[in-house]
Amino acid sequence: MIRSRTFGFVTLGLIGLYVIVPMYATVQFSLEGGFHGRLSFAAYSQGLSQPGLGSSIVTSIEVAFGAMALTLALLVPTIIFVNLRRPRWRTVLEAVSLLPLGVPPIVIIVGVLGVYNSLPNWIIASPVILVLLYVVLALPYSYRAIDAGVRSIDLHTLVEAGRSMGAGWIKLFSRVLFPNLRSGILAASFLVVALSLGEYAVASLLLPTQPTFPVFLASVETSGVYLSVALSVIALAVTWGLLAAISIFGSGRRRSSAAVTGAAAPEGPPAGIAVASASAEVVS
Amino acid sequence: MSTTEADMTAVTRAVAMVQQVQRRAASTGLELVKCRRSFDKVQALDGFSISVAPGELVALLGPSGCGKTTALRAVAGLEQLDEGEVLVGGEDVTKLPAHRRNLGMVFQAYSLFPNMNALDNVAFGLEVRKVNAAQRRARAGELLDLVGLTGLAERFPYELSGGQQQRVALARALCAEPRLLLLDEPLSALDAKVRAQLRDEIRRIQLEFGITTLFVTHDQEEALSLSDRVGVMRKGRLEQLGTPAEVYSQPATDFVAQFVGSVSRLPGEIVSPGTVAVLGSRLAVPNAASAELATGTAVDVLVRPESIRIRPSPAGPAVVVRASFFGASVRVVAVLPGGVEVASTISAADSYALPAGARADIELLDEALFVVGRQLTP
């Protein structure tokens with residue numbers, strides 16, 4: 001027992017070091033600012049005063065949450081339907097969801113430009129185009145996260161039990177399915193948001209006129225290494241903040257639901273915390 | 001107990017019986033008419049018809065794949081029929097979606113909503129019907145008391161045992177006052193002792209509510225002990241519908257005779273129309289279809305273990321091969337010359353004289369259960 005606990009602490013410590021040491025080094029480097037040992041927020045002040053920073057962050061957040069909403073709206077009902085009514089389609093859906101991994105982003109961009117060319121300007125010349133594309137790019141991860149959530153519950157029985165008690169689909173989804181799929185849905189949300197916040201290649205090629213935060217970051221990179229590292233730290237903080245907000249939103253709903261019934265919710269960490277940590281690393 | 005107290009008890013019982021009859025009369029009947037449903041090449045229901053009277057508990061009994069669960073799901077609206085009708089209280093609900101049928105169902109798998117505690121699970125049907133929170137909590141609390149789960153209202157499903165979860169599921173199914181109660185093998189995942197307890201609870205509650213109930217099971221003991229009538233199914237059809245005693249003692253077909261209870265299949269011969277000779281005895285042929293068989297026809301005679309007496313006899317023709325202990329009784333299996341197995345139920349005390357290898361006499365005590373013409377192999 002003691003040995004296994006020690007092993008656990010050691011493993012956790014090593015993983016912590018693996019994550020924390022590079023972050024600590026990054027933050028320290030950004031604070032040095034080239035003042036030979038003196039720590040300073042000069043790089044941060046310079047970064048925050050850069051024109052275009054605010055708008056790029058807003059664009060990134062809009063795109064990230066747009067992609068998240070569209071992903072959930074498309075995938076959750078589809079995966080539930082396929083698992084309930086067309087289980088044989090799962091193989092096809094899984095294969096399709098993997099396609100974005102097999103096709104290089106540049107090929108996707110060229111294809112998108114060709115196909116979407118006929119679409120109105122409010123789609124192809126706005127962040128909407130990025131939303132559409134990020135939904136596709138995140139598909140391999142978001143599909144698996146939601147599918148794993150759906151398969152971890154006895155979907156058929158829960159749906160049939162709810163239906164037999166008079167629940168329509170909206171009631172069934174809001175009171176039975178969503179709460180029990182919360183961890184899968186949160187995990188998919190984290191992944192889509194993290195991917196959207198960190199993606200550079202597609203954003204720089206498809207929407208150069210309205211840069212997202214990674215595109216903005218690349219554009220100021222030439223202004224100084226300390227500035228770009230400070231902005232990376234800001235990016236990390238923003239990403240962590242957003243993912244924490246999603247996590248708190250998810251677990252907050254759970255707590256309020258339990259409070260109505262006057263009962264304590266089942267113990268356990270808020271769903272998706274681990275994924276949030278991993279996703280933040282992807283972005284940084 | 002004084003005479004007055006005895007009278008009061010009798011009056012109380014009589015009032016309870018009258019109330020039960022009234023509840024039955026007020027509840028809803030169920031009818032399935034010529035139902036057909038196939039899955040790919042499998043015909044799950046093949047012209048299946050059944051009628052359940054208001055307040056009655058009918059068990060559908062049959063082997064796996066006989067269509068009993070499909071029939072239940074068709075009533076619930078969870079399975080669409082290819083042909084046929086489902087009538088609830090005379091109303092045709094065949095095309096009505098499941099959530100508009102107002103039926104209560106308990107599933108084989110634990111089906112409680114994991115995100116809700118026991119009280120919220122039970123109250124869910126009322127929540128759907130927009131009953132206010134105070135009323136539905138009060139009603140759900142009553143139902144939990146009824147199923148013996150007082151004090152466990154705040155527990156989540158993972159904090160309850162399998163038996164407790166099925167009790168909550170039963171309370172949940174009844175909470176919104178459904179027209180019918182549908183039970184899809186609700187006891188099959190439970191251990192034997194809990195299963196027996198819950199079986200009695202289900203019957204008690206069903207009688208108390210007077211609710212028309214369709215109960216699907218593959219366990220004949222459950223079906224015979226719980227129901228007003230038993231429907232034995234085979235290959236999507238109803239082989240026989242009758243009281244437990246009828247199904248057990250007067251099977252309509254060879255299949256029912258063998259599926260319900262256990263039988264010994266003994267070789268016999270029709271010696272005159274309506275009479276069969278078997279093991280040196282002459283018995284009346286009980287089933288009409290075989291009563292017309294011609295003299296000299298080789299038949300199989302099906303006999304219940306309790307209709308066979310086995311006695312130790314050093315010169316007897318049978319040899320005891322095994323005995324199964326059931327507490328008060330023992331089932332002894334002996335082999336006759338020619339390899340025919342005969343099973344007899346005797347008292348535990350008598351079984352000591354019949355160890356494996358002992359020779360014995362076999363005697364038929366009662367009439368045959370069923371006689372069927374022996375199929376000639378080509």
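**Domains, sheet and helix packing in a predicted model**

The centres of domain 1 and domain 2 of chain B, taken over C-alpha atoms, are 38 Å apart. This is a predicted model, in which local features need pLDDT of at least 70, side-chain atom pairs count only at pLDDT 80 or more, and totals for chains, interfaces and linings use all residues. Residues are numbered from 1 along each chain as its sequence is written, and chains are lettered from A and ligands numbered from 1 in the order in which they are written.

User: Which residues does domain 2 of chain B span?
Analyst: Domain bounds come from an automatic or database domain assignment. For chain B, the assignment gives domain 1 as 25–255 and domain 2 as 262–373.

User: Which strands stand at the edges of the open five-stranded sheet of chain B?
Analyst: Strands (E, at least two residues) are DSSP runs numbered from the N terminus, as are helices (H or I, at least four); two strands pair if DSSP finds at least two bridges between them. The antiparallel order is 13-12-11-14-20 in chain B. Each edge strand has a single partner, so one side of each lacks a neighbour in the sheet; these are strand 13 (281–284) and strand 20 (370–373) of chain B.

User: Which residue of strand 14 of chain B is the bridge partner of Gly268(B)?
Analyst: Strand 11 (residues 264–272) and strand 14 (residues 298–303) of chain B run antiparallel and are joined by six bridges. In strand 14 of chain B, the partner of Gly268(B) is Val299(B).

User: How are helix 3 and helix 9 of chain A oriented to each other?
Analyst: Helix 3 (residues 53–85) and helix 9 (residues 155–164) of chain A pack at about 95°, with axes 10 Å apart. Axes are lines fitted to C-alpha atoms, for helices over the stretch in contact, and angles run from 0 to 180 degrees between N-to-C directions. Angles under 35 degrees count as roughly parallel, over 145 as roughly antiparallel, 65 to 115 as roughly perpendicular and the rest as oblique. Helix 3 and helix 9 of chain A are therefore roughly perpendicular.
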